[in-house]
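Good morning, colleagues, and thank you for coming.

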Amino acid sequence: MLAAALARRLRDAPPMDEAANPSAIELVALTKRYGEGARPAVDSINLRIAAGSYCCLLGPSGCGKSTTLRMIAGHETVSSGDVLLENRNITDLPAAERGTAMMFQSFALFPHLSALDNVAFSLKMKGVAKAERHAKAQDLLTRVAMGHLAQRKPAELSGGQQQRVALARALITQPRALLLDEPLSALDPFLRIQMRAELRRWQQELGLTFIHVTHSQEEAMALADTMVVMNHGVIEQAGSPHEVFNRPVSEFVARFIGGHNVIELPDGKKSKIGVRTDRTLVARPGAPAIDGLASIPAVVSDVEYQGTYVLLGLQNPAASHAVVSTAEYSVMLSESQFAAAPFAVGEAVQLAWTPESAHPLTKTTTGATHV
Ligand code: ADP
Ligand code: MG
C-alpha cells in the first residue's frame, strides 16, 4: 500500500531537479539577429539553468556566448524568444530591473575610487543616501573577507582582492544570478587558476546562480556544474563536465573539449567514433594485447615526454606524406607503460579500442544548416 502510494507520488511529482531545484534561468527559443537577413548570432536556443548552480557557456570565438549572456543581462535586445528568471519573463525589462548582475573582464573597477566607493557606486547612482550605501557596501566587503581593506584603491589590492571587490560590487544590487563574461581571460595563467578556484568557492558559499562565459574548456571543466558547449549560435551539448567529457555527442564537441581521438570507421558509412586519448590502445601490428579488438593503422609522428605520462602523436598512414604539422591522433601512455614498450617516430602501429571506450559521434550541428 505504502509502496504503491510512494510510487504514485514519485510518478506524479515533477522531475526531481525542478521540484527541489527550480530553474533560475530559462531560455526559450532565444534568438539574436544583428541585421536583417543576417545569419542568427544566437539561433533559437533552449536552456534551463538550475538555481544555485554554476553554468559555463563554452565555445570558440564568435559562437554566440557573449550575445547570449548580454540578452540575459538586458544589455542586448532579443530578436525573438524569451528569457525567464525564476519563472518571471524578463525579456523586455531594463537591465537594472531584472535581478541579474554582470561581472566584467579583469573586474573593471574604477581606479580612483576606494573599494568601498566602488562597491557602493550603483547605490549612489540610485540616489541612496551616503550613510546607508556605505553601510551596505561595508557589509558586503566583510562578507567577501575584504572589510578591513575597504579604504584601499584597486591599485593597492592584489588580483584576488580586486576580484572580491568586483564580486561585492556586483552583489550589492542583490541579484538572483551573476553573469560573468570571460572574467579571468586577462589574467596571467597562474593568477587565473587561483581566481577560478576562488570564484567557485564564492559561488558555493553564496548559493547563487553563476553563468560564466569562457572559451577555455579547461576553465569550464574546473568550474561548471553544467557546461553548455556552443557552436555557430546553437547549443551542441549541455551536461555535467563528466557527461560531456565522457560522452561528447558530436565531432565538434569531441575536438573542442580535447582529450579524444576522432576515428573514422572503415565501414562504408563513414561513421565516426570518439575514444579518449588515455583509453586508446597502441600496439605493434599483430600484438596479442589488441587481438580481437577494433583497430586502425597509424604511424608514430612524435613522442613527447610530459612528466607523469608520455604523449604519442600519430598520423593516418595514408596522410603521412602530406604536410601536416599536427598529429591526427594522440595516445597518452603512463611513463611505465612507455618504458615497457617504447615506440619510435616513424614506427607503424595499430590504434585499438575496446567496445566500451568507443562512442558514436552522430550529432550534426543544426545551426550550420542556416544561411
Ligand atoms: P562569442 O562571445 O562567443 O565570441 P559573440 O556573441 O560576441 O561571440 O558574437 C557572435 C556573433 O555575432 C559573431 O559572429 C559576431 O561577429 C556577431 N556580433 C556580436 N556582436 C555584434 C554586434 N554588436 N553587431 C553585429 N554583429 C555582432
Ligand atoms: Mg565573447
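A residue is called buried here when its relative accessible area is under 20%. With that cut-off, 44% of the 371 residues of the chain count as buried. Please bear in mind that this is a predicted model.

Let me continue with the overall picture. The chain contains 11 helices and 18 strands. Among contacts with a separation of 6 or more, 65% are made by residues 24 or more positions apart. The accessible surface of the chain amounts to about 18700 Å², and carbon and sulfur atoms contribute 54% of that surface.

I turn now to one sheet. In general, the strands of a sheet pair through backbone hydrogen bonds, in either a parallel or an antiparallel manner. The sheet I have in mind is open and is built from six strands, in the order E6-E7-E8-E3-E9-E10, with mixed pairing. Which strands stand at its edges? They are E6, residues 100-103, and E10, residues 234-239. Each has a single partner strand, so one side of each is left without a neighbour in the sheet. On average, neighbouring strands of this sheet are turned by 20 degrees against each other, direction ignored.

Next, the cysteines. How many disulfides does a search of the whole structure find? The search finds zero. Cys55 is in no disulfide, and the nearest cysteine sulfur, that of Cys56, is 6.8 Å away. A disulfide would require the two sulfur atoms to be within 2.5 Å. Cys55 is buried, with a relative accessible area of 0%. Cys56 likewise counts as buried, at 0% relative accessibility.

Finally, consider Ala73, which is found in helix H3, residues 65-73. Is Ala73 buried or exposed? Ala73 is buried, with a relative accessible area of 3%. Leaving aside residues up to four places away in sequence, Ala73 touches Ala95, Arg98, Thr100, Met102 and Leu179. Ala73 and Gly99 lie 26 residues apart in sequence, and their C-alpha atoms are 8.8 Å apart in space.

Terms used: Residues are numbered from 1 along each chain as its sequence is written. Chains are lettered from A and ligands numbered from 1 in the order in which they are written. This is a predicted model: local features need pLDDT of at least 70, side-chain atom pairs count only at pLDDT 80 or more; totals for chains, interfaces and linings use all residues. Side-chain values use heavy atoms; hydrogens and water are left out. Helices (H or I, at least four residues) and strands (E, at least two) are DSSP runs, numbered from the N terminus. Buried means under 20% relative accessible area, exposed over 50%, partly exposed in between (1.4 Å probe, protein chains only). Contact means heavy atoms within 4.5 Å. Accessible areas come from the Shrake-Rupley method with a 1.4 Å probe; for residues, only the protein chains shown count as cover. Two strands pair if DSSP finds at least two bridges between them. Axes are lines fitted to C-alpha atoms, for helices over the stretch in contact, and angles run from 0 to 180 degrees between N-to-C directions.
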